[in-house]
Amino acid sequence: MLGGLKAIVARDLRLSMRRRGDVLNHLVFFVIVVTLFPLGVGAEPNLLRAMAPGILWVAALLAAMLSLQRLFAADFADGTLEQMLISAQPLGVIVVGKMIAHWMVSGLPLTLLAPVLGVQFDLPQAALVTLVLSLGIGTPVLSLIGGVGAALTLGVRGGGVLLALLVLPLYVPVLIFGAGAVVEVSSGMSAAPHLSLLGAFLAISCAVAPWATCAALRVAYD
Amino acid sequence: MTIDSYRLQGEPGIRGWLLFRFAAPQAFYPLAGRMIPWFGALATLLAAAGLYISFFVAPTDAQQGEAYRIIFIHVAAAWMSMFLYVVMACWAALGLVLNTRLSGMMASAIAPTGAMFTFIALWSGALWGKPTWGTWWVWDARLTSELILLFLYFGFMALTNAIEDSRRADRAGAVLAIVGVINIPIIYFSVQWWNTLHQGASVSLTRAPSMAMTMLTGMLLMALAAWMYSIAVVLARVRSIILERERDAEWVRGLRGVE
């Protein structure tokens, strides 16, 4: 089972590396969205410093959401997903493997890129560390919950916008605690409560999301 | 087919037989038709009594004046909006587990009514907020979570509408509704904590704890009216859904007035 998991992760990573453009596009999108905010609200440093956690988190949310369609769509289109459904491996393992791979090419690069953008917003060093931590805990949740949405909208017309409509309301708690942790540190308090809640949310998502995704995939192939 | 022949096939007795009987859209359709006038009449009577008490019997509020009377619609709508989502998720889960056709139809019949009550709760809340708080909208925990609830309803309706095959739409909607119902308390508490952390208690929704008996009566009557209305409307909508989905069935063709 663990071998199957490794194989799925390795396969999906290899596929992503063969189409590096897709992965890079989402990162560029993330950078552009973040850059647009100072242009829109003005370059006042205090204002930007106060808004930075929210801006970075919302941009990360959108970038992660845009990459969700990659999760199952290609495998669905060429029939690989159907073979996975009838394979000897439990579907849950395959789904978790795909989510891990998805996080490694979407959430992880965002997390690593975020402090660079944080510097642009003049975030203090402690806040930058917390930003990386909160994104590190929070972005897997985005991949997990997003997986449910991606599976539900497989092959449905208007899938992209629909996916956003389904998934974004469910992202609210992650956004609140993720951005909240950075705000807390910026105002000189401990981020531990927020990060713990984010961790709790990650634990719940790990338990529920793969199951719901499997159910949604079976529905899609009914 | 008699009850006995059902028993022979392993059906669990008469009670189970009745339940299973009405789980069939064909049997439920006339039953719903018979129930709609009753619930409709109850809704009208309760709403009339509730509105009479709200506007003529209940005293004027000492602090908020006449504006507080929005509460009679606002609270009933807010209760219904949350309750209906749970009911919808229950029907959806039932449909997913037992694989009954009617459950999915019930879930998709409830969603528009739930969304309507959510919208009414938000709108009447805004109308109430303007005279009492001096603003249409505050990022209060309850308002924000109610808004997100509206988004969840929209998501459910958008998903079930986007999928052509009605059976698949029901089951996909069911998965979403269940995920949503797990999320509702999480969203509610996270918004509440976000609110207390970010914003001082400048505006509080909590009113004086002691409420005049007539006010409470009016509110409960309105809430009951909202219940009866929801049941009547959902039954009417589920009848249309049944007709639409079963249009090729023999029994639908046999209905009077359907060619």
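The model is predicted: local features need pLDDT of at least 70 and side-chain atom pairs count only at pLDDT 80 or more, while totals for chains, interfaces and linings use all residues. Residues are numbered from 1 along each chain as its sequence is written, and chains are lettered from A and ligands numbered from 1 in the order in which they are written.

**Exercise 1.** Find which residues of H2(A) are buried.

Solution. Helices are DSSP runs (H or I, at least four residues), numbered from the N terminus. A residue is buried if 20 or more other C-beta atoms lie within 10 Å of its own, and exposed if 12 or fewer do, with C-beta atoms placed from the backbone. For H2(A), the buried residues are His26(A), Phe30(A) and Val34(A). Seen down the helix axis, they fall within an arc of 70 degrees (taken from the directions from the axis to the C-beta atoms), so they line one face of H2(A). They pack against helix H3 (45–66) and helix H7 (107–120) of chain A. Exposed residues on the other side of H2(A) include Leu24(A), Val28(A) and Ile32(A).

**Exercise 2.** Find which element gives the most to the side of chain B that touches chain A.

Solution. Two residues are in contact if their C-beta atoms, placed from the backbone, lie within 7 Å. On this basis, 23 residues of chain B are in contact with 21 residues of chain A. Helix H6 (141–162) and helix H7 (166–198) of chain B each give two or more residues to that side of chain B. H7(B) gives the most, with 14 residues.
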